[in-house]
There are 2 protein chains.
Amino acid sequence: MQSSNPEYSLRQVEQRMQQLACEGSDRAGEAAVAHLAAGGSRVRARLALHASFALGRPHSEAVAIAAACELLHNASLVHDDLQDRDPLRRGRPAVWREYGDAAAICVGDLLLSSGYAALADCGSQAARLIVRTHQRVGAVIRGQCADLGLKGRTDVSLATYEAVASDKSGPLLSLPIELPLLLAGADRHLPLAVGAASLFAVAYQMTDDLEDVERDALNEELNVVAVLAAAGAQSPLQAARRLALQRFAEARAAALALPEGAGQLLAEFADQRIHSLTAQRLPA
Amino acid sequence: MQSSNPEYSLRQVEQRMQQLACEGSDRAGEAAVAHLAAGGSRVRARLALHASFALGRPHSEAVAIAAACELLHNASLVHDDLQDRDPLRRGRPAVWREYGDAAAICVGDLLLSSGYAALADCGSQAARLIVRTHQRVGAVIRGQCADLGLKGRTDVSLATYEAVASDKSGPLLSLPIELPLLLAGADRHLPLAVGAASLFAVAYQMTDDLEDVERDALNEELNVVAVLAAAGAQSPLQAARRLALQRFAEARAAALALPEGAGQLLAEFADQRIHSLTAQRLPA
């Protein structure tokens with residue numbers, strides 16, 4: 001029973017992440033553990049646990065994959081916050097802000113290394129998982145570089161915007177579903193998982209942008225509302241919301257088409273977003 | 001025959017490193033490949049190939065471990081140069097200097113991820129290698145953090161100096177010998193490999209310091225000559241050289257005690273250093 005109880009499994013994931021992240025147990029290890037302890041919604045861990053259980057995979061494997069994906073995601077957060085000079089993360093000072101730039105580089109490295117170490121818990125299957133994981137980490141880095149390169153640009157097309165958002169956040173959202181699919185021998189469904197997560201990532205970025213229109217304009221950050229305005233949209237705010245709703249609906253449909261309900265939790269997340277976005281009042 | 005020809009194998013290692021480092025093939029991938037192409041002595045790759053062949057391990061495994069260790073080392077160089085603001089690497093601008101800080105973080109991340117991906121070439125053995133690798137990467141990060149924390153300090157003891165140098169550079173020098181030992185079932189010799197590499201790393205750092213006494217004093221960098229002077233040594237330059245020679249000799253002895261000549265190349269490297277250090281004229 002315990003093995004399909006997601007809250008029990010999530011606690012195991014937390015424990016494993018903490019163990020791996022304090023390897024070396026110095027200042028970087030402490031900062032890594034403190035960063036993890038600050039919480040977060042653990043979307044990627046939840047997606048991995050759900051997909052693994054739906055596909056009938058063993059509990060230990062589900063926990064390992066969930067910990068790996070969440071550690072890699074947190075590594076990217078720590079380094080992204082430093083690169084973007086975002087001062088806050090989860091309502092607390094970002095790692096670079098609290099411990100300094102050099103320490104933040106070390107903390108991200110430690111979390112990245114920990115992510116791969118978590119995959120070792122899958123024993124003889126680890127090699128296949130690593131190959132796929134490195135491909136997706138490579139895509140995330142490409143997305144992050146592209147995003148950094150677009151800062152301050154006002155001539156970004158919607159296609160470029162979507163490609164960058166998809167690269168930057170899609171891979172670590174699809175990986176938690178891809179890895180269980182891979183081990184379940186359902187390789188042919190991998191492109192569908194990638195597609196669903198990409199659409200979700202794009203829609204999520206648009207929702208985020210809708211909340212930050214003014215701040216992003218001040219900081220010359222890429223924002224879908226500005227992209228649509230530059231493309232001649234009459235009501236860019238409405239157009240952005242419409243587009244976000246459309247992408248969430250597409251993500252939901254793709255996720256539901258995955259075998260054995262492996263993408264059902266992603267579909268539920270899309271549903272929740274659709275509801276709150278529909279209820280939300282846009283700024284005038 | 002080819003399989004025990006180190007130059008042939010080294011070319012395979014280079015190829016594998018380039019393939020893995022351009023995953024995503026964007027600006028970060030190009031920068032990573034350019035960084036690798038700038039050369040370096042490939043000490044860690046050579047140590048891994050030598051140890052693997054001495055222990056009778058398969059060629060593909062030797063290449064994988066060599067590529068992994070060299071990629072992890074290069075990841076640490078890219079991030080260290082940024083942290084230390086070292087403008088030059090291998091006679092060319094360091095990655096942060098040529099591509100900017102944010103790109104350098106991405107490049108180091110890509111190389112770190114590539115290091116783990118290289119281990120996947122060892123198939124079902126990869127998991128064991130990863131566990132050990134993460135431990136050693138954790139130690140390197142602890143060493144780097146400790147080193148950063150000592151910048152500007154003038155009250156560093158020789159014991160602390162040696163511990164930090166050992167942590168910072170020892171793990172990625174011993175890993176190329178540790179991983180083949182692990183796969184050859186010679187686990188009981190791992191502490192000896194760690195010890196030999198630690199001593200070599202400490203001696204190497206001292207040699208480096210001897211060449212940078214004035215520059216390090218200007219930049220408030222930790223230097224063994226300053227440490228010995230602060231401890232009351234009459235001729236700190238001579239004392240530092242004596243200590244470096246002693247540590248190289250200890251490293252050599254430990255390396256030669258490894259089974260099947262697995263540490264013989266490390267012993268040769270120590271020998272070369274002993275000769276050039278003995279021949280070198282110290283500044284007045």
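This is a predicted model: local features need pLDDT of at least 70, side-chain atom pairs count only at pLDDT 80 or more; totals for chains, interfaces and linings use all residues.
H6(A), with 19 residues, reaches 28 Å from its first C-alpha to its last, close to the 27 Å expected at 1.5 Å a residue. Helix H3 of chain B, residues 43-54, has 12 residues and reaches 16 Å between its end C-alpha atoms, close to the 16 Å expected.

| Helix | Residues | Reach | Expected span |
|---|---|---|---|
| H6(A) | 19 residues | 28 Å | 27 Å |
| H3(B) | 12 residues | 16 Å | 16 Å |

**Chain A as a whole**

Chain A has 13 helices and 2 strands, and its C-alpha atoms fill a box of roughly 55 × 45 × 30 Å along the principal axes. For 284 residues a compact globule would have a radius of gyration near 19 Å, and the 19 Å of chain A agrees with that. Of these 284 residues, 56% count as buried. Among the contacts in chain A between residues at least 6 apart in sequence, 71% join residues that are at least 24 apart.

**The contact between the chains**

The contact takes 39 residues from chain A and 39 residues from chain B. On the side of chain A that touches chain B, helix H2 (27-37), helix H4 (59-84), helix H6 (101-119) and helix H7 (126-150) each supply at least two residues, and H7(A) gives the most, with 15 residues. By class, this side of chain A has 23 nonpolar, 11 polar and 5 charged residues.

How is chain A laid on chain B? A turn of 180 degrees with a shift of 0.0 Å along the axis does so with an RMSD of 0.0 Å, which is the relation of a two-fold axis. In chain A, the C-alpha nearest the axis belongs to A:Ser124, 2.1 Å from it. The same surface serves both copies, since 100% of the contact residues of chain A recur in chain B.

**Two enclosed helices**

Of the 19 residues of H6(A), 18 are buried, so this helix is largely enclosed by the rest of the structure. Likewise, 11 of the 12 residues of H3(B) are buried, so H3(B) is largely enclosed by the rest of the structure; among them are B:Arg44, B:Arg46, B:His50 and B:Phe53. The buried residues of H3(B) pack against helix H1 (6-21), H4, helix H8 (158-183) and helix H13 (264-279) of chain B. H3(B) is followed by B:Gly56, whose phi is positive, near 70 degrees.

Which residues touch the most other members of the largest nonpolar core? In this core of 201 residues they are A:Phe200 and B:Phe200, while the largest share, 14 residues, comes from helix H4 (residues 59-84) of chain B. Leaving aside residues up to four places away in sequence, A:Phe200 touches A:Leu173, A:Phe248, A:Ala251, A:Leu266 and A:Ala270.

A:Ala203 has its place in helix H9 (residues 190-211) of chain A. A residue is buried if 20 or more other C-beta atoms lie within 10 Å of its own; A:Ala203 has 26 other C-beta atoms within 10 Å and is therefore buried. With the same exclusion of residues up to four places away in sequence, A:Ala203 touches A:Ala244, A:Arg247, A:Phe248, A:Ala251 and A:Arg273. A:Ala203 and A:Gln264, which are 61 residues apart in sequence, are 17 Å apart in space from C-alpha to C-alpha.

Key
Residues are numbered from 1 along each chain as its sequence is written. Chains are lettered from A and ligands numbered from 1 in the order in which they are written. Two residues are in contact if their C-beta atoms, placed from the backbone, lie within 7 Å. Helices (H or I, at least four residues) and strands (E, at least two) are DSSP runs, numbered from the N terminus. Ala, Val, Leu, Ile, Met, Phe, Trp, Tyr, Cys and Pro count as nonpolar, Asp, Glu, Lys and Arg as charged, and the others, Gly among them, as polar. Copies are superposed by least squares on the C-alpha atoms of residues with pLDDT of at least 70 in both. The expected span of a helix is 1.5 Å times one less than its number of residues. The radius of gyration is taken over C-alpha atoms; the globule rule is 2.2 Å times the number of residues to the power 0.38. A nonpolar core is a set of buried Ala, Val, Leu, Ile, Met, Phe, Trp, Tyr and Cys residues joined through C-beta atoms within 7 Å.
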